[in-house]
Amino acid sequence: MLAKAPRGTRDILPGEVEEWSTLETFFRNLCKNYNYREIRTPIFEHTELFSRSVGEDTDIVGKEMYTFLDKGKRSLTLRPEGTASTVRAFLEHKMYAQAQPTKLFYFGPMFRYDRPQAGRYRQFHQLGAEAFGSASPEIDAEIICLAMDFFQSAGLNQLSLEINSVGCPQCRPGYREEIRKILEKNRRDLCPDCQSRFETNPLRILDCKIEGCREVTLQVPEILDHLCSYCVQHFEDVINFLKLLEISYQVNPKLVRGLDYYTNTAFEIVDTGLGSQNSLGGGGRYDGLVETCGGSATPGVGFAIGLERVLLSLEQQSSQLEYTEESRIFVATLGPSASARGLQLVTELRRNGIAAEKDYQDRSLKAQMKQADRVGAAKVLILGEEELEKGKIVLRDMEKGDQREVELEEILQILKNDL
RNA sequence: GUGAGUGUAGCUCAGGUGGUUAGAGCACCAGAUUGUGGCUCUGGGGGCCGUGGGUUCAAGUCCCAUCACUCACCCCA
């Protein structure tokens, strides 16, 4: 138990970390081009921030939050998603007072208490972006485009973008009542979850996978036919901008996201070949969220992408992220005085920007050569008592397999010229 | 929260119906080569057989519980 990471968490080991930082770099570069700026918010927040913004009736708030009391009896929660914190920071630092829109991106761990499964962890990692202060459908398109460009840069282009509109406070209540009216008579045919959804969030019944519920919902008209004129226009505009940007999409009228704050645009990016947890990312517009959090009415739109899922998807299509492995110099020494001189030498190399390593266990030359091979050394410097006396050092090329003796004093310059 | 499957060496896995000192391949270390990597050969170190309890003369093997992992439901990233 002591030497075991908690359930649903895992270590990202050397060898994997390179892929993570490569993805991070892709996203950073992309965000720079789109003019989104990085923000880092705390990993925990006041519980209320999430219960109010994500929604009391959601699964996330109802059963998946890591909530605890600190020593001052404050109720805190490990963040289950990134948008709420970003909104909080937007308000706290009065970013609304600057030129709008405010465009932010983030990267970091999120926490949800859930049963672990393929592609599902209790601590998982998301990268995401949020744009505040503009209700323009152009920025919905920009956000979706940024997300799709990220997948593209990661080498994932077989993904499907699903999009829908979930309406706004003007038209959604009417639709909600419509659903209730139609389903009233079939209420007892619904699964237990949907029976309570009937009260709390009837829209989510449409998204239920249970066969019985699906049948019943066939008679419910699509939300897209019940949107108010503003929402219809907004949705059409977003779709047209996607076409303009040559982003292919699939309208999914049943797409309802699990967070309450979405208005108008809702979208999800799925990899159909991935198994059960096939959503790589999602997002949408949340024009009421800033107000819910105590600010003045400010529109917003954003997305989040799960890094574990992206990596899984890459693995699935057996493509690897390219990253350059740093080659280094290995200094092999024989005897205590050569070893000491070797320590001096690796340090000198390192301080001159050359990656260098040596053996610290007084091992045989053979063992040191083997180690040099393993760390991927392109060149090995061999320094024994003989060389030390002559003021020389052996420079061996590991790929060619040949070697020559050079002046010890000149070795730094020789290696520098080589690079 | 519900269901199913799996826990043996660092890794991948063998260990018919219970029966002596629990094995292999890979990896690791060393030697063959007293100062030279990859290939080969030889040898070596490594195991609370997930944990706890039970049945039995005897449990890695059977039973129960528990924990963990995996997959699915649910939900989502």
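1. F235 touches I163, N164, S165, L224 and V251, leaving aside residues up to four places away in sequence; contact here means heavy atoms within 4.5 Å. The model is predicted, and local features need pLDDT of at least 70, while side-chain atom pairs count only at pLDDT 80 or more. Residues are numbered from 1 along each chain as its sequence is written, and side-chain values use heavy atoms, with hydrogens and water left out.

2. F235 is found in helix α9 (residues 229-244). F235 counts as buried because its relative accessibility is 9%; the term buried means under 20% relative accessible area, with a 1.4 Å probe and protein chains only. The C-alpha atoms of F235 and Q317 are separated by 33 Å, and these residues lie 82 residues apart along the chain.

3. In helix α7 (residues 192-200), the buried residues are C194, R197 and F198. They fall within an arc of 115 degrees when seen down the axis of α7, so they line one face of the helix. The buried residues of α7 pack against α6 (172-183) and α8 (211-217).

4. Helix α1 (residues 17-33) packs with helix α5 (residues 137-154) at an angle of about 140 degrees, and their axes are 10 Å apart. The crossing of α1 and α5 is right-handed.

5. At this contact, L23, F26, F27, L30 and C31 in α1 meet L146, D149, F150, S153 and A154 in α5. The residues of the contact comprise eight nonpolar, one polar and one charged.

Key:
Chains are lettered from A and ligands numbered from 1 in the order in which they are written. Buried means under 20% relative accessible area, exposed over 50%, partly exposed in between (1.4 Å probe, protein chains only). Helices (H or I, at least four residues) and strands (E, at least two) are DSSP runs, numbered from the N terminus. The arc is that of the directions from the helix axis to the C-beta atoms. Axes are lines fitted to C-alpha atoms, for helices over the stretch in contact, and angles run from 0 to 180 degrees between N-to-C directions. A crossing is left-handed if the near helix is turned anticlockwise from the far one by less than a right angle, and right-handed if clockwise. Ala, Val, Leu, Ile, Met, Phe, Trp, Tyr, Cys and Pro count as nonpolar, Asp, Glu, Lys and Arg as charged, and the others, Gly among them, as polar.
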